[in-house]
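I opened my notebook and wrote down what I looked up, one topic at a time. Here are the entries.

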Amino acid sequence: MPLTTNTILICAGGACISSGEESVKNALERKIKEYNLQEAIKIVETGCMGACSIGPLMVIYPEGVYYQKLTPKAAEKIVEEHLLKGRIVEEYLYKGDKGKIVPQPQEEIPFFSRQVKIATRNLGIIDPLNIEEYIARDGYFALYKALKEMKPEEVINTIKESGLRGRGGAGFPTGLKWEFARKAPGDEKYMICNADEGDPGAFMDRSILEGDPHTIIEAMTIAGYAIGANKGYVYVRAEYPIAIERLSEALKQAHEYGFLGENILDSGFSFDIEIRIGAGAFVCGEETALINSIEGKRGQPRVKPPYPAQKGLWGKPTNINNVETLACVPPIIKNGPQWFRQWGTEKSPGTKVFALAGKVKNTGLVEVPMGITLRELIYEIGGGSPTGKKIKAVQTGGPSGGVIPEEYFDTPVDFESLTQLGAIIGSGGMIVLDEDDCMVDVAKFFLEFTVDESCGKCTPCREGTKIMYEILNKITNGEGTEDDIETLEKLGNIIKDSSLCGLGQTAPNPVLSTLRYYKDEYIAHVRDKACPAKKCRNLISYVIDTSKCVGCTACARVCPASCIDGEIKKPHEIDQEACIKCGSCIEVCRFGAISKVSPALD
Amino acid sequence: MINLDEIKKIVHQAKNETLEEQDILIYTLHKIQDKIPNNFIPEEAAEVVSQELKIPLSKVYEVLTFYTMFSTKQRGKYVIRVCTSLPCHVVNGREIIQAIKDELKIDFGQTTEDGLFTLEETGCLGLCGVSPVIMINQEYYGDLTPEKVRNILRKIKGGAKI
């Protein structure tokens, strides 16, 4: 292998690809070739580096210079300046507070420096399609240790002692789950990886599969050994084509290197993995629905008990773990349970990957120790609001979760604390909401999702969520009554108690939790026909402040309904009857003369 | 037109690829739908699957109609899936949807007259860091604005490959 002077790691996660990573890489390659540097510079496409809001991203080593928001033009300049002449190109460097340029933010900026990476340890560092890079980062060492030096029971005990809990939402102790499957009678057992990540706002599983597929293969093989299974399935959503492609390639490599197949590492243990692709049904993330889907049926949940550990796929004992949970397994086996426990809290040890989205400056993936406060997570790591507007709440756990108001941001993030607040950690999606977000609208939004995704098996979930959605729709249209609010509460609790699976049992949570903290907003909608956040279209009007309007005509020109009138250089007026409330005018006004009012004008 | 022999071949291939025969229905349907230019499973193809896999036709349809990614109706050459989840919604996803509807003059579940585009809703695509996001066939497009999405659609209309 020729020695290289520079290595460029370029993020080829889904988000960076969608914002033009490929054209940046092509420009790099073209320029490097033009200067005949291809022997001296190596380009590696890695998995997600986490900072999705500033992609496409790359890091140039040995210096570790972090370039962001790249374009093909930027790439060309960086080759000519940085690689050829050794001069760092400042305009594409990371900018911290007050525009301060930070060439190596990994050390200085909390978004990077506060992270502890276990499940995402290889993301953005290795080429996911190169098994040797995975091995170089201690990959498959844990598999060797488990198969050669440990009995299955010892593997299970190590996971139990580590306190690892399921990262898919429920937080069930992983070691215990393995033990159930191990102890279940039967010669044939199955190990399934649940990669049907569907919670809105959560994308750590996609990133892990795309950026480090071998860790899932290694972990599944260890789990298979522990529970006594010889066959594994990864159930991936069809919406994740890049993940499917990379995992397929990784499976091939693992076979070639003898980490999968017959008599792995000469241990006498055989294991194989197949991919199963979903077809667009959120409920399939529920483990029994997922099993039905693998069996080629409609993805409807089964009655529990019997649990999958007793009677799962094809009626055989089956263990199901989520992607992020599995990604923690190899390091725990290799380093021991106490190593994992140095982070996190007593009941929620280790780290958790969170996906920051919504009204927060640094969106993307972060892995932090459990027990960190929401405030640290949202303000220090997330960088707070991108617009300077007041952050109002954070929505966690997607459609099964709830909102947590800003007053409670000093709560430590662990399974128990968030549940007490009426929210859940869930799969780790955190959607930050600010003063422009209406809580009734947020609740309605999630209910619409549940109505769509309910599989239809249980009446309370199928019909009940629909009625709840209709009531919320009424309220946001200004037609709700105070009785409606009461009905929502009652109905929500009934659906929770009487649904079969997790989807129905948690579906009312977004409504119940917004009612818990923001009942005043609901009341404003029904009593005053006003939307305090000025989001609900039927409850607002756009108005022009005549003292600020200079008559530039920008708004009148952009209005698709042609409902703004006025002479040039004189204040304009909006015809409220004709206004379709699209908001185009507010965006183009440079004088801040247009605003929203609620309740709507007659 | 749909070549039934080719569909038979796909089913046979799937049979050889998988270790357990019972679970190949969804897998096979994916493979077939990928091959059919209009991204759907016509009745003839469903019948072939039913015969070859010895699964009653009603069962095949039970599955076909449950999963949103399968269609029993002809779709456009490009299926646009717009993420309608909260992370996209709070960053003006609504305007992206409106821009697409205005540009193509179709609603969700409809196909343009020229048979080029079908518009569908999808759950979270997991690219919330660059929301709002859409997917056209197998490609992701993120950080969208109404302007950007119009440009993408116009380019495809103009014959650009995606």
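Is Glu179(A) buried or exposed? I looked it up: Glu179(A) is buried, at 18% relative accessibility. For my own reference, buried means under 20% relative accessible area, exposed means over 50%, and partly exposed is in between, with a 1.4 Å probe and protein chains only.

**Ground rules.** This is a predicted model, where local features need pLDDT of at least 70 and side-chain atom pairs count only at pLDDT 80 or more, while totals for chains, interfaces and linings use all residues. Residues are numbered from 1 along each chain as its sequence is written, chains are lettered from A and ligands numbered from 1 in the order in which they are written, and side-chain values use heavy atoms, without hydrogens and water.

**Salt bridges.** I noted the general idea before the pairs: side chains of opposite charge can pair when their charged atoms come close. A salt bridge here is a side-chain nitrogen of Lys or Arg within 4 Å of a carboxyl oxygen of Asp or Glu. I got 46 salt bridges over all chains.

Back to Glu179(A): I found a salt bridge between its side chain and that of Lys160(A), at 2.9 Å from N to O. Glu179(A) sits in helix H9 (residues 174-183) of chain A and Lys160(A) in helix H8 (residues 152-162) of chain A, so the pair ties together parts that are 19 residues apart in sequence. Helices (H or I, at least four residues) and strands (E, at least two) are DSSP runs, numbered from the N terminus. Lys160(A) is partly exposed, at 33%.

Glu179(A) also forms a salt bridge with Lys183(A), with the closest N and O atoms 4.0 Å apart. The two are four residues apart in helix H9 of chain A, so about one helical turn separates them. Lys183(A) is exposed, with a relative accessible area of 62%.

Next I checked Asp434(A), whose side chain meets that of Lys359(A) in a salt bridge of 3.2 Å, N to O. This pair links distant parts of the chain, 75 residues apart: Asp434(A) is in strand E15 (residues 429-434) of chain A, and Lys359(A) is in the loop between E11 and strand E12 (364-369) of chain A. Asp434(A) is buried at 2% relative accessible area, and Lys359(A) is buried at 13%.

**Strand E11.** Ala357(A) is in strand E11 (residues 351-358) of chain A. I noted Ala357(A) as buried, at 0% relative accessible area. The C-alpha atoms of Ala357(A) and Tyr190(A) are 35 Å apart, and the two residues are 167 residues apart along the chain.

**Chain B.** I counted seven helices and four strands here. From the N terminus on, the elements run α-α-α-α-β-α-α-β-β-β-α. The C-alpha atoms fill a box of roughly 50 × 30 × 25 Å, taken along the principal axes. Buried residues make up 54% of the 162 residues in chain B.
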